[in-house]
Amino acid sequence: MDFDLMVEVTPLLIRAAWVTIDISSRAIFFGFFVACGLVFLQTFRFAPIRWFARGYISVVRGTPYFVQLLLVFYGGPSLGLRLDPITCGVVVGAFNIGAYMSEAIRGSIESVDKGQSEAARSLGFGKVRTMVFIVLPQAASLMIRSVGVLAIVLVKNSSLVSIISVVELTYQAQRLIGSTYKPLEIFALSALMYIVIIYAVMGIIELAYRRATRYTTQ
């Protein structure tokens with residue numbers, strides 16, 4: 001292996017890795033709000049609103065992220081939606097992971113014993129206070145782990161934004177291979193950086209999980 005080359009290209013790959021982190025973190029952040037909105041819409045008594053939310057989730061989960069990226073980036077301009085590559089990656093990533101997160105959040109909430117809500121309501125808690133102070137704290141541990149797994153998947157899928165010319169880690173690696181003809185060294189470095197990013201995300205998830213469950217008995 002050409003270790004001199006690996007040392008030389010490491011700064012370039014690190015800068016590209018920061019683009020991967022930036023896109024992924026922003027997509028996860030906005031995706032969480034998309035997920036919360038979808039969960040909220042599914043609580044409406046007006047059936048068409050629930051159908052819209054469920055239909056959106058089904059469509060997003062039923063189509064590849066790859067296709068969604070191409071559809072928005074190349075098909076969007078025909079509808080007046082023009083996004084630069086990075087913005088497109090963030091927007092599509094947010095709406096994609098939001099659909100998956102919504103199911104994880106909803107499942108975590110529904111896993112809490114309904115008797116807890118009934119007891120809180122009998123003590124005079126309103127619907128919102130019951131959700132905030134009774135249900136969500138108990139659902140937090142399941143929610144954090146589930147959402148964390150989806151965040152890791154999104155980081156891995158972020159490599160697909162290279163198809164719309166975002167100079168993130170995978171795209172930069174491909175460019176370097178084209179100029180150096182050293183695929184083993186370049187991809188080995190790229191893989192190592194992805195591992196570092198993934199383990200950093202896992203560490204954050206574990207820390208959040210421990211804080212959420214510090215006052216509960218497992």
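The model is predicted, so local features need pLDDT of at least 70 and side-chain atom pairs count only at pLDDT 80 or more, while totals for chains, interfaces and linings use all residues. Residues are numbered from 1 along each chain as its sequence is written, and side-chain values use heavy atoms, with hydrogens and water left out.

**Annotated spans**

- An unreviewed UniProt entry places "domain: ABC transmembrane type-1" at residues 17–205; UniProt positions follow the numbering used here, feature names are shortened, and annotations may be inferred rather than shown by experiment.
- That span is 81% helix and 0% strand, with its end C-alpha atoms 20 Å apart; helices (H or I, at least four residues) and strands (E, at least two) are DSSP runs, numbered from the N terminus.
- The unreviewed entry also carries the annotation "transmembrane region" for residues 12–41, 131–155 and 186–209.
- Residues 12–41 are 100% helix, and their end C-alpha atoms are 44 Å apart.
- Residues 131–155 are also 100% helix, with 30 Å between the end C-alpha atoms.

**Nonpolar cores**

- The largest nonpolar core has 20 residues, and Val9, Leu13, Leu169, Ile186 and Val201 touch the most other members; such a core is a set of buried Ala, Val, Leu, Ile, Met, Phe, Trp, Tyr and Cys residues joined through side-chain atoms within 4.5 Å.
- Here, buried means under 20% relative accessible area, exposed over 50%, and partly exposed in between (1.4 Å probe, protein chains only).
- At least two residues of this core come from each of helix 1 (3–41), helix 6 (127–157), helix 7 (169–180) and helix 8 (183–212), and helix 8 gives the largest share, eight residues.
- Ile186 is in contact (heavy atoms within 4.5 Å) with Val9, Leu13, Ala173, Leu176, Ile177 and Thr180, leaving aside neighbours within four places in sequence.
- A second, separate core has 15 residues, including Ile97, Ile109, Ala139 and Val147.

**Pockets**

- On a 1 Å grid over the protein atoms alone, a pocket is an open set of points where a 1.4 Å probe fits, with protein on both sides within 12 Å along at least five of seven lines; lining residues have an atom within 4 Å of a point.
- The largest pocket holds about 960 Å³ of space; grid points are joined across faces, edges and corners, and a volume is the space filled by probe spheres set on the points.
- Its lining has 24 residues, with Thr43, Ile109, Lys127, Met131 and Val135 nearest the centre, and helix 6 gives the most, eight residues.
- The lining of the largest pocket divides into 13 nonpolar, four polar and seven charged residues; Ala, Val, Leu, Ile, Met, Phe, Trp, Tyr, Cys and Pro count as nonpolar, Asp, Glu, Lys and Arg as charged, and the others, Gly among them, as polar.
- The second largest pocket holds about 450 Å³, and Ile28, Ala151, Val201, Ile204 and Ile205 are the closest to its centre among 19 lining residues.
- The lining of the second largest pocket has 16 nonpolar, three polar and no charged residues.

**Single residues**

- Ser108 is found in helix 4 (85–110) and counts as buried, because its relative accessibility is 3%.
- Ser165, in the loop between helix 6 and helix 7, has a positive phi near 70° and is partly exposed at 44% relative accessibility.
- Tyr181, in the loop between helix 7 and helix 8, has a positive phi near 55° and is exposed at 67% relative accessibility.
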